[in-house]
Amino acid sequence: MKIASTLSRLVNTRAVYMVALADDCRTAERTQSTGVHLVPVTWENVNDVAKVRGDATAQTMRQLLVDGALGVYVYMDGEFAGHFWGVHSGNEIKRMWGGVDYGPDEVLLCWGWVDHERRGLGLFQSLIGALVNRVRDEIGSIRIVADVPVDPLASLAAHRRMGFRLTGRLEYVRVLRKLVSRKEVPMDDSAAEPLLRHKSP
Ligand SMILES: CC(C)(COP(=O)(O)OP(=O)(O)OC[C@H]1O[C@@H](n2cnc3c(N)ncnc32)[C@H](O)[C@@H]1OP(=O)(O)O)[C@@H](O)C(=O)NCCC(=O)NCCS
């Protein structure tokens with residue numbers, strides 16, 4: 001038992017679907033429910049996340065601001081309810097989460113999260129829409145990509161609702177945080193519908 005848990009800490013396998021939004025595409029329009037507010041993350045509000053997710057997450061979000069990432073927070077009835085960020089690769093290939101490569105000239109959406117109590121209300125779709133608008137306003141025409149969990153499929157469903165398309169499945173293995181294998185298989189977006197038909201929200 002102890003050996004198994006030690007091994008699982010040393011060896012980390014991660015599988016994700018990759019999704020993308022074409023260079024100049026905006027997202028689908030989403031009607032905002034009453035009481036929902038989407039705001040860019042700034043030095044004034046960045047620490048709001050701490051109340052719900054703790055200081056370590058707030059520190060990560062402050063670092064994202066320092067690094068020039070674009071963030072959006074969502075509030076519901078005045079309470080902090082979620083976040084989503086976009087990082088620009090610049091003109092090189094960058095690596096996120098130890099195995100997700102993006103760039104050159106792409107924005108990777110990352111650090112997406114919605115408060116457990118408020119899931120299933122469309123807040124993540126609203127975050128995606130607001131973040132894509134920020135990217136378009138501040139960076140312009142650029143391909144926007146995201147890695148989404150293969151299970152559960154909520155993030156895949158939300159991205160597709162907002163106009164993103166499935167492009168592939170990526171699986172990578174890290175041993176002691178070092179990447180030892182990485183395989184990305186291209187997929188056609190038509191494969192998404194059958195996957196989502198079996199969804200279990
Ligand atoms: C993924 C996450 C951000 C979704 O937030 P949310 O506000 O509940 O998402 P939304 O309500 O905007 O959209 C979810 C969509 O997925 C669907 N869905 C929910 N659970 C699902 C599941 N298990 N399988 C498939 N689809 C699911 C919902 O029905 C909805 O689609 P619909 O509008 O067509 O009905 C949230 O669950 C979360 O924070 N998870 C943990 C962190 C994470 O996985 N982040 C993803 C980063 S890419």
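This report describes the sheet and the helix packing of a predicted model.

## Basis of the description

Residue numbers start from 1 along each chain as its sequence is written. Because the model is predicted, local features need pLDDT of at least 70 and side-chain atom pairs count only at pLDDT 80 or more, while totals for chains, interfaces and linings use all residues.

## The sheet

Eight strands form an open sheet in the order 2-3-4-7-8-1-9-10, with mixed pairing (two strands pair if DSSP finds at least two bridges between them; strands are DSSP runs of E with at least two residues, and helices are runs of H or I with at least four, both numbered from the N terminus). From one strand to the next, the twist averages 25° (axes are lines fitted to C-alpha atoms, for helices over the stretch in contact, and angles run from 0 to 180 degrees between N-to-C directions).

Strand 1 (residues 11-21) and strand 9 (residues 165-175) run antiparallel and are joined by ten bridges. Threonine 13 has valine 173 of strand 9 as its bridge partner, and valine 16 stands opposite leucine 170 in strand 9.

Strand 9 is also antiparallel to strand 10 (residues 178-186), to which eight bridges join it. Here tyrosine 172 stands opposite arginine 182 of strand 10. The two strands form a hairpin with two residues between them, and leucine 176 in the turn has a positive phi of about 50°.

## Helix 3

Helix 3 (residues 55-66) contains twelve residues and reaches 16 Å from its first C-alpha to its last, close to the 16 Å expected at 1.5 Å a residue (the expected span is 1.5 Å times one less than the number of residues).

Helix 4 (residues 123-138) lies across strands including strand 3 (70-76), to which it runs at about 145°.

Helix 4 also packs with helix 5 (residues 154-161) at an angle of about 50°, their axes being 9 Å apart. The two helices, helix 4 and helix 5, are therefore oblique to each other (angles under 35 degrees count as roughly parallel, over 145 as roughly antiparallel, 65 to 115 as roughly perpendicular and the rest as oblique). Phe124, Gln125 and Ile128 of helix 4 make the contact with Ala158, His159 and Arg161 of helix 5 (contact requires C-beta atoms, placed from the backbone, within 7 Å).

Terms used. Contact = placed C-beta atoms within 7 Å.
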